[in-house]
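Subject: Structure handover

Hello,

Below is the structure I said I would pass on. My notes on what was found in it follow.

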There are 2 protein chains.
Amino acid sequence: MQLYNYFRSSASYRVRIALALKGLAYEYKPVHLAKSEQFGESYGAVSASRLVPLLKDGDATLTQSMAIIEYLDETHPQPPLLPADPLGRARVRALAQDIACEIHPLNNLRVLRYLVRSLKVGEEEKNRWYRHWVETGLETVERQLANHPATGRFCHGDTPTLADCVLVPQIFNAQRFECRLDHVPTVMRVFETCMQLDAFSKTQPSACPDAE
Amino acid sequence: MQLYNYFRSSASYRVRIALALKGLAYEYKPVHLAKSEQFGESYGAVSASRLVPLLKDGDATLTQSMAIIEYLDETHPQPPLLPADPLGRARVRALAQDIACEIHPLNNLRVLRYLVRSLKVGEEEKNRWYRHWVETGLETVERQLANHPATGRFCHGDTPTLADCVLVPQIFNAQRFECRLDHVPTVMRVFETCMQLDAFSKTQPSACPDAE
């Protein structure tokens with residue numbers, strides 16, 4: 001397998017975690033988003049969406065981090081990244097989507113660029129925008145985790161799932177932009193539990209071959 | 001089952017389509033987003049995230065439209081809304097996420113409000129923002145559909161899937177904001193095929209009990 005990704009892309013980091021949890025080897029193919037390499041000719045030949053991450057598995061091309069992780073879980077079932085019961089699966093997917101659909105899309109590099117270039121938003125206002133979506137979005141995640149009987153050492157039970165694969169990269173982003181995190185103690189407790197595992201710590205942005 | 005939703009919420013519409021495709025009856029519970037009913041006490045007792053849609057199935061509470069649709073597909077398998085093969089499933093999920101993670105989150109009511117209230121963006125600039133993400137995002141979807149061997153009468157094959165449940169509401173939004181759509185002919189061909197089915201047409205925003 002070949003994973004096209006960028007060290008700082010949190011959607012890429014989600015897939016690196018899942019691959020590591022599954023113990024799957026892959027070739028690391030860097031695509032430098034900040035230098036706009038995703039719009040270049042060579043990446044255009046690989047990717048119709050020009051987004052990362054992208055996974056090549058034999059002849060197949062897979063896109064969208066959550067879809068890639070579900071594919072990995074279906075084709076390499078051990079250890080499972082989704083619970084066996086439909087309600088548990090729905091809870092894990094919803095937690096992942098609370099981040100991947102409600103927080104992360106607003107703070108993508110291309111969105112921040114639009115704010116600055118087209119809407120002429122200043123640095124301070126841009127950072128306030130960033131923190132607003134992270135802080136309010138994580139508060140929603142906190143409400144879903146705190147006091148829910150299914151929350152365990154991880155977001156759902158005592159082993160990592162898709163939800164943890166999505167949560168951890170979002171916390172890295174939050175820390176990089178100095179967001180408030182003292183209002184989400186359950187989120188941070190789960191984050192710290194995850195970071196004790198190699199699958200999360202050894203795939204983090206600063207450990208990537210293309211890290212700056 | 002009870003579906004908490006808002007006629008104009010495209011995430012709500014996705015779930016209405018899936019329920020209709022499955023032939024499942026449900027009670028329609030309106031939550032008026034434009035009047036901020038989701039922040040009121042009565043909805044707070046139902047929803048931790050204060051987002052719609054939310055599905056109650058017996059004692060269970062389900063959130064996030066794509067997670068709800070997968071749950072419905074697992075608990076009521078006929079007709080299937082995801083293909084049987086892992087690669088097909090990954091393609092359908094990725095198409096859904098190309099819309100649900102890349103287009104829709106940027107044009108949510110709460111995001112438009114932030115643009116206007118906090119960033120003091122004018123009406124025209126707000127509409128340009130809206131159209132930018134819809135038009136570029138649908139172009140990405142078009143590239144994934146056009147000339148792909150798995151594209152059929154619908155996004156994937158000749159029966160509707162999760163991808164169609166997510167695509168159709170996005171086109172309704174696009175039309176409401178007068179976005180360009182002439183550059184996405186395959187998308188529009190699939191949209192029109194979908195709209196010939198009752199499951200799509202009879203659940204559309206203007207047909208909802210709370211429509212204005």
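First, a term: an axis here is a line fitted to C-alpha atoms, for helices over the stretch in contact, and angles run from 0 to 180 degrees between N-to-C directions. Helices (H or I, at least four residues) and strands (E, at least two) are DSSP runs, numbered from the N terminus. Two packed helices are described by the angle between their axes and the distance between the axes.

This is a predicted model, in which local features need pLDDT of at least 70, side-chain atom pairs count only at pLDDT 80 or more, and totals for chains, interfaces and linings use all residues. Residues are numbered from 1 along each chain as its sequence is written, chains are lettered from A and ligands numbered from 1 in the order in which they are written, and side-chain values use heavy atoms, with hydrogens and water left out.

Helix packing, chain B

Helix α5 (residues 109-117) and helix α6 (residues 123-145) of chain B pack with axes 10 Å apart, at an angle of about 145°. Their crossing is right-handed (the near helix is turned clockwise from the far one by less than a right angle; anticlockwise is left-handed). From α5(B), the contact (heavy atoms within 4.5 Å) takes B:V111, B:L112, B:L115 and B:V116, and from α6(B) it takes B:K126, B:W129 and B:Y130. By class these are 6 nonpolar, no polar and 1 charged. Ala, Val, Leu, Ile, Met, Phe, Trp, Tyr, Cys and Pro count as nonpolar, Asp, Glu, Lys and Arg as charged, and the others, Gly among them, as polar.

Helix α4 (residues 86-100) of chain B and helix α7 (residues 162-176) of chain B have axes that come within 8 Å and cross at roughly 20°. The two are therefore roughly parallel (angles under 35 degrees; over 145 is roughly antiparallel, 65 to 115 roughly perpendicular and the rest oblique). The crossing of α4(B) and α7(B) is left-handed. On the α4(B) side are B:V92, B:R93, B:L95, B:A96, B:I99 and B:A100, which meet B:L162, B:A163, B:V166, B:L167 and B:Q170 of α7(B). The residues of this contact divide into 9 nonpolar, 1 polar and 1 charged.

Helix packing, chain A

In chain A, the axes of helix α4 (residues 86-100) and helix α6 (residues 123-145) come within 9 Å and cross at roughly 160°. α4(A) and α6(A) are therefore roughly antiparallel, and their crossing is left-handed. A:R91, A:L95, A:D98 and A:I99 of α4(A) make the contact with A:V141, A:Q144 and A:L145 of α6(A). That contact has 4 nonpolar, 1 polar and 2 charged residues.

Domains, chain A

Chain A is divided into domain 1 (2-79) and domain 2 (86-200), with bounds from an automatic or database domain assignment. The C-alpha centres of these two domains lie 20 Å apart. Domain 1 of chain A gives 16 residues to the contact and domain 2 of chain A gives 20.

Backbone

The peptide bond from A:V52 to A:P53 is cis, with omega near 0°. A:P53 is in the loop between α2 (41-44) and β3 (54-57) of chain A. In chain B, the bond from B:V52 to B:P53 is cis, with omega near 0°. B:R50 is in the loop between α2 and β3 of chain B and has a positive phi of about 60° although it is not a glycine.

Regards
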